[in-house]
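The questions below work through part of one chain, step by step. Please keep the sequence and the structure in view while reading.

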Amino acid sequence: MGITILYVDPGSGSYLVQVIIAAILGALFYFKSGWLWVKSFFSRTKKNDTPEKKI
Amino acid sequence: MPDSLRHPSSFKDPSGFVFPYAGKIYRQVNKAFAENYDLFIQTGLYDLLRNRNVIIRHEEVKENLLKSGEWYLTLLPEQISFWSYPYEWCFDQLKDAALLTLDLVKISVEKGLIVKDATPFNIQFVKGRPVFIDTLSFVKYDESLPWIAYRQFCEGFLYPLLLSHYYKKNFQNQLYIYPEGIPVDLVAKILPAKSNLNPAVWLHVHLPNKMGKKRNTGNSNLNFNKKKLLTLIDHLRNVLLKLDHTYTSAWSKYYTETISGNEYIEKKEKIVHKMLQQVEGKTILDIGANLGYFSILAAKNNYSVVAIDNDEQSINTLYKKIKEQQLENILPLCVDISNPSGGSGFANTERNPFNERAKTDAVMALALVHHLAIGKNIPFDLMAEYFSKLAPQLIIEFVPKEDEKTKLLLLNKKDIYPNYSAECFENTFLKYFQIKERENINGSERIIYLMKRIGNK
C-alpha cells in the first residue's frame, strides 16, 4: 500500500469492483426471478380455479 | 508531423488526433489503430450507429494531409456548428448523453467491439440531440474483461447526475473543475444521508470508494463475461432512468406566472418578430433566454439559436420542450453571461472559452439589461463593448428604473445608478452601434432596439 497508490491509474482498479457488482446483480436477479416464478405459480393456479368454479 | 498542427484538445489518445485544415476539422487515424478502425467499419457497427444518428458522420479522405509518419487514414467528420461542453449542459442533457453512451456499449458489444472512452466530453449536441463524436473510441471486445471505462462513466456521468438528483442543484458545472469526473471519494463524502437508501449508491459509489483504497490485484481470473457486462449496463441504465431533477426555481415559472397571457408578451413578440426579419445571417445568441419563448420564435424564423441562461431549471425545461417538439435548431445551455466559461484544460487551450465559441450573427438580449446593470453592477459601456464583440447585430430591450421588475432589483440595494436611463443607455451604446430601430412596448416603459455594429470591430 502506501505511496504506490498515488501512481496507479485509478481507472484500472475498477475491474474488481465490476466483478463484485456483477455478482451482486446476478444474485439479485436469481432471487427476483425465483420470487416471480413463485408469484406467477400461485396466480396461475388462481386463474385456473376461477373458470372451474363458474361451472 | 509538427505537433502544433494538432488541435490543442487532441493529444491524449495514441489512436489518432483531430486537426484543423483549410477551415475544416479533420481526424487522422494512426497506423497503431488501423485494425480497430477497420473492424469498426467492416462489422457494420459504424453504419448501424450512423443510421441511428448517434455517432458523428464522416467521409474517408485517402490523403495524408499532414504528411504524418503515423498516418493510416484521414476522416472528414460532419462539422459541428456550435461546440458546447458538459459543464454548460442541463441535467437532462447530461442524462441523455449518459444513456447514449450506455446504448453505444450495448450495440457495439453485439458487433464484437466496445467503447473504451466514456467521458461526456466525447459528446456534442447536433440538431438538438446528443451525438458521439469520437470515432476512434471503439476497440475489439475481449469478453473476459469488465468495461474499461466504467470508472470514467461513473465519475463523468453518474456522480454529477446523482448529486443533482439529491440536491436539486446544478452539479454538471462541476465538470469544469473536474473534467475527468467528480472523484469518487468526494462524492462518497458529500452525498446526503438519504442517498444511502438507494442500493445503486452503495454499488457504484461506496463500494468503489472503499475498494479504491486497496491495492490493485491485477486482472487475472476475473471470471467476467458478456452476460455480466450487459447486466451491469442495463442496471446502470435503470439507475439513470430513475434520476430526476425537477424542482421549481424562481425563474422557471417566469412566463406562466408573471407575463403569459397578458398583452405585454404579445406586443413584445410582434416587435421582436419584425426586427428578426431584418437580421442578416443565420445564427442568434439569445442571452437570458429563460424558457426560450423568444429563442423558439427565432428558431421558427429559420435561425439557428443558442439559448443561454444562468437558471439551470429553465434551460432544462427548454431542453425537454425542444426534445418533445423536435425543434432541431435550438441549443440550450446553462451559461451565466456575467461569468461565462473560460478556456480550460492543459495550457488553457483544450476547451475554448465561451466567448470564442459564441460569435454569432446577432445577439438577442431581452429583459436582461437591468439584471446586468443593477443586479451585477456592469456598466453600459462594458456591456455594449462585449455585445459588439459577440455579434454585429443586436436586439436589446431596455427596462427603465420605473419598471416594477427594476424596482424589485433595487428593493434591497442602495440606488448607486444615477446614469441608469434610456438616454444614457442609448448614448453609450451609440459608441459601438447605430440604432436601426427603436420601438416602445405599449403599456410599459420598456423599449426594444435593433442595432447594428459600427465599422468592423
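**Helix packing and a mixed sheet**

Q: At roughly what angle do the axes of helix 3 and helix 4 of chain B cross?
A: In this predicted model, helix 3 (residues 91–110) and helix 4 (residues 150–167) of chain B have axes that come within 10 Å of each other. Their crossing is left-handed, and the angle between the axes is roughly 140 degrees.

Q: How many nonpolar residues does the contact of helix 3 with helix 4 of chain B have?
A: From helix 3 of chain B, the residues Phe91(B), Leu94(B), Lys95(B), Ala98(B) and Thr101(B) meet Phe153(B), Phe157(B), Pro160(B), Leu161(B) and Ser164(B) of helix 4 of chain B. Sorted by class, this contact has one charged residue and two polar ones, and the nonpolar residues number seven.

Q: Which strands are the edge strands of the open sheet of seven strands in chain B?
A: The open sheet has mixed pairing, and its strands follow the order 11-10-9-12-13-15-14 in chain B. An edge strand here pairs on one side only, and this applies to strand 11 (330–334) and strand 14 (433–440) of chain B.

Q: Which residue of strand 15 of chain B stands opposite Ile395(B)?
A: Strand 13 (residues 393–398) of chain B pairs with strand 12 (residues 362–365) of chain B in the parallel sense over four bridges, where Met364(B) stands opposite Ile395(B). Strand 13 of chain B is also joined by six bridges to strand 15 (residues 447–453) of chain B, and these two run antiparallel. The residue of strand 15 that stands opposite Ile395(B) is Leu450(B).

Q: Are the faces of strand 13 of chain B covered or uncovered?
A: In a regular strand, side chains alternate between the two faces of the sheet, so each face has to be considered separately. On one side of strand 13 of chain B, Gln393(B), Ile395(B) and Glu397(B) are buried, as are Leu394(B), Ile396(B) and Phe398(B) on the other. Six of the six residues of this strand are thus buried, and both faces are covered.

Q: To which strand of chain B does helix 14 of chain B run at about 140 degrees?
A: Helix 14 (residues 380–390) of chain B lies across strand 9, strand 12, strand 13, strand 14 and strand 15 of chain B. Among them, strand 9 (residues 283–287) and strand 12 of chain B pair in the parallel sense over four bridges, with Ile284(B) opposite Ala362(B). The strand to which helix 14 of chain B runs at about 140 degrees is strand 12.

Key:
Residues numbered from 1 in each chain as written. Chains lettered and ligands numbered in written order. Predicted model: local features only at pLDDT ≥ 70, side-chain atom pairs only at ≥ 80, totals over all residues. Axes fitted to C-alpha atoms, helices over the stretch in contact; angles between N-to-C directions. Left-handed = near helix turned anticlockwise from the far one by under 90°. Contact = placed C-beta atoms within 7 Å. Nonpolar A, V, L, I, M, F, W, Y, C, P; charged D, E, K, R; others polar. Buried ≥ 20, exposed ≤ 12 C-beta atoms within 10 Å, placed from the backbone. Pairing = 2+ DSSP bridges.
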